[in-house]
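User: Hi! Could you walk me through reading domains and helix packing in a model like this one?

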Amino acid sequence: MHNDKTMIIIQLEGRKIRLPEGLTVIEALWDTGHDVKRGVGCLSGLCGACTVAFLEKGGKKVKFGLGCQKVVEEGLNVIMLPYFPSRVARYLLDVMEKPLEHLPEIYPELYTCNDCKACNICPEWINVAGVMKAAKDADYETATEHIMDCIMCGLCASRCPKGIAPQHVALFIQRALAKERLFPPNLQKRLEELESFQFDADLGRLAAMVDDELEAHCRQAEGG
Ligand code: FES
């Protein structure tokens, strides 16, 4: 079946198997007859559903990553990780004037963080411990600097001995900051224009165009 491909041997979910090189972990599971549905989402490294733990050939340290991105290689030993439960606080930003002031009551466990750095296993290379430390110190701007890359996979939460779910804490901070910060002036201006229906006539014209017309219009707008 895979005659023209180089075959490699890996350990997948505890079983030694032979398969063609170049597959991702999820493709390797499918290729070997595993009916994987749970833990598979976007297949693009965005949804965070497919966390895996792996040991590379000759490696001493277990690493973590995403099954849809990690490409298998000779001697790899890899398993998919199950969904890890973590506490998600419920809150209503609408009724909070300054949401960040409520962080201590919404995620009190954040303040038990002792900076052990066990959470620094992020497949997106986020310095999670740094984010948590900044959040604990109320330096929210620093805390949010890198968390835009968070894909909510929850690997960090699975390692925290204090039961902190950094991905949920970080999401709250992003939402709270978005509410508390002033919008940049150009965005504010555009929102006001939209609210006063300034673009309705243009949008109506675009909505009425057939595909060819729309394509021509976009090309012209791009100057092409
Ligand atoms: S399936 Fe979505 S990140 Fe892998």
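Analyst: Happy to. Domain bounds come from an automatic or database domain assignment. For the protein chain, that assignment gives domain 1 (7–80), domain 2 (93–180) and domain 3 (185–222). The C-alpha centres of domain 1 and domain 2 are 29 Å apart. This is a predicted model, where local features need pLDDT of at least 70 and side-chain atom pairs count only at pLDDT 80 or more, while totals for chains, interfaces and linings use all residues. Residues are numbered from 1 along each chain as its sequence is written.

User: How many residues of domain 1 and domain 2 are in contact?

Analyst: Two residues are in contact if their C-beta atoms, placed from the backbone, lie within 7 Å. Here 7 residues of domain 1 contact 6 residues of domain 2. On the domain 1 side, strand β4 (residues 63–66) gives the most, with 3 residues; strands (E, at least two residues) and helices (H or I, at least four) are DSSP runs, numbered from the N terminus.

User: And at what angle do the axes of helix α3 and helix α6 cross?

Analyst: Two packed helices are described by the angle between their axes and the distance between the axes. Axes are lines fitted to C-alpha atoms, for helices over the stretch in contact, with angles from 0 to 180 degrees between N-to-C directions. Helix α3 (residues 128–136) and helix α6 (residues 166–180) have axes that come within 11 Å and cross at roughly 50 degrees. That makes α3 oblique to α6 (under 35 degrees is roughly parallel, over 145 roughly antiparallel, 65 to 115 roughly perpendicular, and the rest oblique).

User: Which residues meet there?

Analyst: Val-128, Val-131, Met-132 and Ala-135 in α3 meet Pro-166, Val-169, Ala-170 and Ile-173 in α6.
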